[in-house]
Amino acid sequence: TMESYTEVIAAWDPGRSGAIAILYPNGRITTWKNPGDAVVLCGLLRTHEVRHIIFESQNGAGSTRTGSPSMFSFGCHYGTYLTVFKVLDIKAHPVTAQAWQGTIDMHRPPRRKKGDPKRTEKEKSAAYRERKRALCNAAEKLYPALNVTLTNCDALLLLAYAKANDIRKIATADPAIYRGV
């Protein structure tokens with residue numbers, strides 16, 4: 001369990017509109033919107049003496065909601081953060097969305113079956129908003145004293161996953177992630 005944990009841990013939602021949540025050994029939690037600037041991020045993580053960070057791993061696959069230019073931008077943004085973690089000697093713990101979201105008790109829409117008509121962009125957008133609201137509601141239940149928002153809910157839920165699974169036991173990033181760093 002995390003009760004005996006003495007290091008500062010962070011959870012990072014890597015999206016441009018995501019956030020970073022930091023848990024201190026005394027149990028206090030703070031959140032920040034992604035700074036979008038490596039220098040600011042470096043200062044934030046160094047100032048708070050973060051030793052471990054959990055984040056949603058990215059496979060590089062595009063989504064129907066984003067095009068190639070935005071995926072390139074996201075990849076650069078993501079790579080910058082990974083470099084910062086390595087330079088600051090922060091142990092990076094990537095987890096899949098299926099892993100951390102699978103532990104959350106929330107309503108999930110039924111899966112599409114083979115042969116079902118494809119959803120329209122409007123339907124996809126509505127489903128995305130519904131899922132984000134469900135994630136936000138789940139984070140509010142876990143952290144009722146915090147100001148939970150659509151921006152920080154994923155980071156807070158990642159933090160809950162790290163606590164529940166003892167981040168020290170979650171595999172660290174494959175060294176291949178840092179090639180060229």
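Predicted model: local features only at pLDDT ≥ 70, side-chain atom pairs only at ≥ 80, totals over all residues.

Residues are numbered from 1 along each chain as its sequence is written, and side-chain values use heavy atoms, with hydrogens and water left out.

**Exercise 1. The overall fold**

Task: State how many helices and strands the protein has, and give their pattern along the sequence.

Solution. 
Step 1. Helices (H or I, at least four residues) and strands (E, at least two) are DSSP runs, numbered from the N terminus.
Step 2. The protein contains 5 helices and 5 strands.
Step 3. Along the sequence these elements follow the pattern β-β-β-α-β-α-β-α-α-α.
Step 4. A residue is buried under 20% relative accessible area, exposed over 50%, and partly exposed in between (1.4 Å probe, protein chains only). Of the 181 residues, 39% count as buried.

**Exercise 2. Helix H5**

Task: Compare the span of helix H5 with the expected one, and determine how many of its residues are buried.

Solution. 
Step 1. The expected span of a helix is 1.5 Å times one less than its number of residues.
Step 2. Helix H5 covers residues 153-164, and its 12 residues reach 16 Å from the first C-alpha to the last, close to the expected 16 Å.
Step 3. Of the 12 residues in H5, 10 are buried; among them are Cys153, Asp154, Leu156 and Tyr161.
Step 4. Just after H5, aspartate 166 adopts a positive phi of about 50°.

**Exercise 3. Two cysteines**

Solution. 
Step 1. A disulfide is a pair of cysteine sulfur atoms within 2.5 Å.
Step 2. The structure accordingly holds 0 disulfides.
Step 3. Cysteine 136 is buried at a relative accessible area of 8%, and cysteine 153 is buried at 0%.

**Exercise 4. The second largest pocket**

Task: Describe the volume of the second largest pocket and the residues that line it.

Solution. 
Step 1. On a 1 Å grid over the protein atoms alone, a cavity is a set of points where a 1.4 Å probe fits but cannot get out; a pocket is an open set with protein on both sides within 12 Å along at least five of seven lines, and lining residues have an atom within 4 Å of a point.
Step 2. The second largest pocket holds about 200 Å³ of space.
Step 3. Its lining has 12 residues, of which Thr103, Ile104, Leu142, Ala160 and Tyr161 lie nearest the centre.
Step 4. Helix H4 (121-142) and H5 are the elements that give two or more residues to this lining, and H5 gives the most, with 5 residues.

**Exercise 5. An aromatic cluster**

Task: Classify the ring pairs that tryptophan 12 forms with phenylalanine 55 and phenylalanine 85.

Solution. 
Step 1. Rings of Phe, Tyr and Trp (its six-membered ring) pair if their centres lie within 6.5 Å; planes under 30 degrees apart count as stacked, over 60 as edge-to-face and the rest as tilted.
Step 2. By this rule there are 3 aromatic pairs. The pair of tryptophan 12 and phenylalanine 55 is tilted, with 5.4 Å from centre to centre and 55° between the planes.
Step 3. Tryptophan 12 lies in strand E1 (residues 8-12) and phenylalanine 55 in strand E4 (residues 50-56), so this pair ties together parts 43 residues apart in sequence.
Step 4. The ring centres of tryptophan 12 and phenylalanine 85 are 5.4 Å apart and their planes stand at 85°, so the pair is edge-to-face.
Step 5. Phenylalanine 85 lies in helix H2 (residues 68-87) and tryptophan 12 in strand E1, so this second pair ties together parts 73 residues apart in sequence.
Step 6. Trp12, Phe55 and Phe85 form one aromatic cluster. Tryptophan 12 is buried at 0% relative accessibility, and phenylalanine 55 is buried at 0%.

**Exercise 6. Contacts across the sequence**

Task: Find how far apart the C-alpha atoms are in valine 95 and tyrosine 161, and in lysine 132 and leucine 150.

Solution. 
Step 1. Valine 95 belongs to strand E5 (residues 91-95) and is buried, at 7% relative accessible area.
Step 2. Lysine 132 is located in helix H4 and is buried, at 9% relative accessible area.
Step 3. The C-alpha atoms of lysine 132 and leucine 150, 18 residues apart along the chain, are separated by 6.8 Å.

Conventions:
Points joined across faces, edges and corners; volume = space filled by probe spheres on them.
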